[in-house]
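Please keep the sequence and the model in view while reading.

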Amino acid sequence: MDTFKNRDGKPVLLAMVKAVQDNKAYLGEIDGLIGDGDHGMNMNKGFTVFEKRYGKKEIGFTGGLRELGMVLLNEIGGSMGPIYGTVFMEMAEAGDGFEEIGLAQFSQMLEASLEGLSDIVEARVGDKTLIDTLSPAVYTLKAEAKTKGDFTDALDKMKGAAKAGRDSTRDMAAKFGRSSRLGERSRGVLDAGAVSCCVILEAMADGIKELL
């Protein structure tokens, strides 16, 4: 298949939850190198709250993204709550009317998340943030959608773009957040938000592939 039913998308959300839970310590370690070290803990808290609240309920992909976004927006600390809350809620809004989600629809949803995020943060590509992961993933997927590529292949290419974007932050100097105080000394370390974004996008892609 080249689409999945929106209503059947809960396993994708649970795959994202598991990925964040599995990477809690790793995200904390990375954040601790140039930040305050609580990124893994906060992300794990939010995703686990979502799992406990909705894991056994009937909920579709976009409905679940909206609820996950609300949890992150309202119930976790730090700057990442509003950021990831916006990402997931914008995806949900863009996909609300979709009964079936294929490459074109998923591309629209992910692009909406980047556009929505760009409205609330000043960071752009090159500033050592999750934008450096999300933006290349979005544009890779968008390019695949334009050529009407295979959904599974496009998801793999999106994952590759996300990883490359994540890795690019190692050589950047942070311009936002606590790590920006270090200036040039923030080079040589991955950005924790870029890493968590990659973890989530990979889990989302792999979860969708399981449904196709």
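The text below treats a few helices and their contacts.

This is a predicted model, in which local features need pLDDT of at least 70, side-chain atom pairs count only at pLDDT 80 or more, and totals for chains, interfaces and linings use all residues. Residues are numbered from 1 along each chain as its sequence is written, and side-chain values use heavy atoms, with hydrogens and water left out.

Helix α8 covers residues 151–168; helices here are DSSP runs of H or I with at least four residues, strands runs of E with at least two, numbered from the N terminus. Its 18 residues reach 26 Å from first to last C-alpha, close to the expected 26 Å, where the expected span is 1.5 Å times one less than the number of residues. At its start, a side-chain oxygen of D150 comes to within 3.1 Å of the backbone nitrogen of T152.

Which residues of α8 are buried? They are F151, A154, L155, M158, K159, A161, A162, G165 and R166, buried meaning under 20% relative accessible area with a 1.4 Å probe, protein chains only. Seen down the axis of α8, the buried residues fall within an arc of 165°, so they line one face of the helix. They pack against β1, β2, α6, α7 and α9.

In α9, 16 of the 20 residues are buried. D191 caps its N-terminal end, with a side-chain oxygen 3.1 Å from the backbone nitrogen of G193.

T133, L134 and A137 in α7 meet A194, C197, C198 and L201 in α9, contact being heavy atoms within 4.5 Å.

Note on methods. Buried < 20%, exposed > 50% of the residue type's maximum accessible area, 1.4 Å probe, protein only. Arc of directions from axis to C-beta. Polar contact = N/O pair within 3.5 Å; in protein donor to acceptor, adjacent residues only side chain to side chain.
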